[in-house]
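Please have the structure open as you read.

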Amino acid sequence: SLQKWVLREISNFEYLMQLNTIAGRTYNDLSQYPVFPWILRDYVSETLDLTNPAVFRDLSKPIGVANERHARDVKENFEDPTGTVDKFHYGTHYSNAAGVMHYLIRTEPFTTLHIQLQSGRFDCSDRQFHSVPAAWQARMENPVDVKELIPEFFYFPEFLENQNGFDLGCLQLSNEKVGDVVLPRWARSREDFIYQHRKALESEYVSAHLHEWIDLIFGYKQRGPAAVEALNVFY
């Protein structure tokens, strides 16, 4: 499949799904759920210009240092004062069960699983997935939030809609009720968001740089000196 991908006989989406499968990731295990990259950094423009490299995230860097300001802190944190565990850059992971439920909170069975995880109620509204631009902003401002995406962001518009009318509470600052997921300005609808996001995944820029992210998640930069150098060591 690598050869097919290089010859562009299969899409970036398909290739990522195959890599996830080979890596033992599956929809049947929330702790080993398929992982996909954040690929854009522009969630505010009126239109999304996929010919402009500036709208894309730097795929050569882990999401925890997508904002360069975090790189210094992440480097400094790379030590274990107790000497009992191996050193790490990030205490959380780019993919875990809570993260999958976080994104899919509006869709069963994930709603019920989320409520069980939170001891019988929804997590506080401000911590919920309520907006795509705000989720990216959190990656920019909070080096502790290192969640990558899930495949649903590229094909499943329904997860962005609060179809069941769950009471997800209100945001503290704006007192705004959490309902459907707020979309980037360039998306006219949920379907349009998925369509443009998928188009971005298959764009020329991502096709040229996707291997850099694959090295971090599935390749030689996962462990050892290459991982240390890439600021890519997880607890």
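The lining of the largest cavity is made up of 8 nonpolar, 3 polar and 2 charged residues. In this classification Ala, Val, Leu, Ile, Met, Phe, Trp, Tyr, Cys and Pro are nonpolar, Asp, Glu, Lys and Arg are charged, and the others, Gly among them, are polar. The largest cavity holds about 60 Å³ of space. It has 13 lining residues, and Tyr94, Ser95, Val100, Glu148 and Ile150 are the closest to its centre.

This is a predicted model, in which local features need pLDDT of at least 70 and side-chain atom pairs count only at pLDDT 80 or more, while totals for chains, interfaces and linings use all residues. Residues are numbered from 1 along each chain as its sequence is written, and side-chain values use heavy atoms, with hydrogens and water left out.

**Confidence**

The mean pLDDT (the predictor's confidence in each residue, from 0 to 100) is 93 for the protein chain, and 98% of the residues score at least 70. Helices here are DSSP runs of H or I with at least four residues, strands are runs of E with at least two, and both are numbered from the N terminus.

**Cavities and pockets**

How many cavities of 30 Å³ or more does a search of the whole structure find? There are 2. The search uses a 1 Å grid over the protein atoms alone: a cavity is a set of points where a 1.4 Å probe fits but cannot get out, a pocket is an open set with protein on both sides within 12 Å along at least five of seven lines, and lining residues have an atom within 4 Å of a point. Grid points are joined across faces, edges and corners, and a volume is the space filled by probe spheres set on the points.

| Space | Volume | Lining by class |
|---|---|---|
| Second largest cavity | about 40 Å³ | 7 nonpolar, 1 polar, 2 charged |
| Largest pocket | about 550 Å³ | 9 nonpolar, 10 polar, 5 charged |
| Second largest pocket | about 250 Å³ | 5 nonpolar, 4 polar, 1 charged |

The largest pocket, at about 550 Å³, is lined by 24 residues, of which His102, Asp126, Arg127, Ala138 and Asp145 are the closest to its centre. H4 and H6 are the elements that give two or more residues to this lining, and H6 gives the most, with 4 residues. Alanine 138 belongs to helix H6. Its relative accessible area is 23%, so alanine 138 is partly exposed; buried means under 20%, exposed over 50%, and partly exposed in between (1.4 Å probe, protein chains only).

**Helix H8**

Helix H8 (residues 204-217) has 14 residues and should span 20 Å at 1.5 Å a residue; its end C-alpha atoms are 21 Å apart, which agrees. The expected span is 1.5 Å times one less than the number of residues. H8 also has a kink of about 40 degrees centred on leucine 210, where the bend is the angle between axes fitted to the seven residues ending there and the seven starting there. Leu210, Trp213, Leu216 and Ile217 are among the buried residues of H8. Glutamate 204, also in H8, is exposed at 54% relative accessibility. Its C-alpha atom is 8.3 Å from that of leucine 50, 154 residues away along the chain.

**Backbone details**

Most residues other than glycine have a negative phi, and most peptide bonds are trans. Which residues does a cis peptide bond join? Glutamate 108 and proline 109, with omega about 5 degrees. Proline 109 sits in the loop between helix H4 (97-103) and helix H5 (110-117).

Asparagine 175 is not a glycine, yet has a positive phi of about 60 degrees. It lies in the loop between helix H6 (132-141) and H7 and is exposed, at 57% relative accessible area. Leucine 231 has a positive phi of about 55 degrees and is found in the segment after helix H9 (224-229). Leucine 231 is buried, at 9% relative accessibility.
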